[in-house]
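Please keep the sequence and the model in view while reading.

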Amino acid sequence: MAADQRDNIADVICIGAQKTSTSWLHHVINVHPRMYVFPNSKPVTSTNKEAHFWDWNRKRGVDWYRDLLTPPDPAKLSMDFTPEYAFLSAKDIEECKALNPTAKLIYVLRDPLSRAISALRMHAKRATGDADAGAHVIRFDEAIHKVIADARIGDHSSYVANHARWSRQYDDILVLNYEDILSEPRKVITRIFEHLELDPAEMSAEQTATFETRFERKVWKSVEYPLDRDLVLFLHGLMWPKRSAAEDRFGFKFTEYAKELAALDQ
């Protein structure tokens, strides 16, 4: 089959959420021989994981996106794991559907408070360049409101609204709970393999060994910058409605936030 006859530009799309181990999932899944990883084109893309077509690279055109993701072997499945896709507009998602009509979608959800804290730590690291967690406290001050807005904390955690827009175009989105990745990672990977119709038996002995090595590895971990008490409580109030809505909609029970609140009393 010629490149321009492929059903999809991206066969597998992970729409986030940010700070939910999507880098680890990508790192583990791409060991399977049917998966194709596009070349690392940083800073145009974010390593070989996030193509950022719909936000950073739209100006480059569809042909650029197609050339980037098209595997040399047409039997392989291309991947685009860009968390910022979660809050694309309905119009952009409609165009995504036109370009990727049979794509398989994955959406990983995390307790909104814990996700927000992790995101702020990531942005603090980028801003300070300081790897010493004790050298920087993220405070509830005037500046933090701009950081929260720039980090799009609310958009990244608006799981119900984001899912509703995407599900108008894709009716089979695999929605996962980040806490299950922490507690039962093999079950999560099994669910993903089933969703993507990947057979683990197709992996060679060498690929299986690589899979096991990657399975035990952390790909990315935020520096544990402390947040002051007022900021955590502010975020807790801000994220409470988003947590409640997601738990009701998806039948999840998020528990991470309780640890964040308990830490305030230590």
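Which residues in α11 meet which residues in α12? With contact meaning heavy atoms within 4.5 Å, Val232, Leu233, His236, Trp240 and Arg243 of α11 meet Tyr257, Glu260 and Leu261 of α12. This is a predicted model, in which local features need pLDDT of at least 70 and side-chain atom pairs count only at pLDDT 80 or more, while totals for chains, interfaces and linings use all residues. Residues are numbered from 1 along each chain as its sequence is written, and side-chain values use heavy atoms, leaving out hydrogens and water.

Helices are DSSP runs (H or I, at least four residues), as are strands (E, at least two), numbered from the N terminus. The axes of α11 (residues 229–250) and α12 (residues 256–263) cross at roughly 160° and come within 11 Å; these axes are lines fitted to C-alpha atoms over the stretch in contact, with angles from 0 to 180 degrees between N-to-C directions. The two helices α11 and α12 are therefore roughly antiparallel (over 145 degrees). Arg243 also lies over the face of Tyr257, 3.8 Å from the ring centre (CZ of Arg or NZ of Lys within 6 Å of the centre and within 35 degrees of the ring normal).

Rings of Phe, Tyr and Trp (its six-membered ring) pair if their centres lie within 6.5 Å; planes under 30 degrees apart are stacked, over 60 edge-to-face and the rest tilted. By this rule there are 12 aromatic pairs. Phe53 and Tyr65 are stacked, at 4.4 Å centre to centre with 5° between the planes. Phe53 lies in the loop between β2 (35–36) and α2 (62–69) and Tyr65 in helix α2, so the pair ties together parts 12 residues apart in sequence.

How values were computed: Angles under 35 degrees count as roughly parallel, over 145 as roughly antiparallel, 65 to 115 as roughly perpendicular and the rest as oblique.
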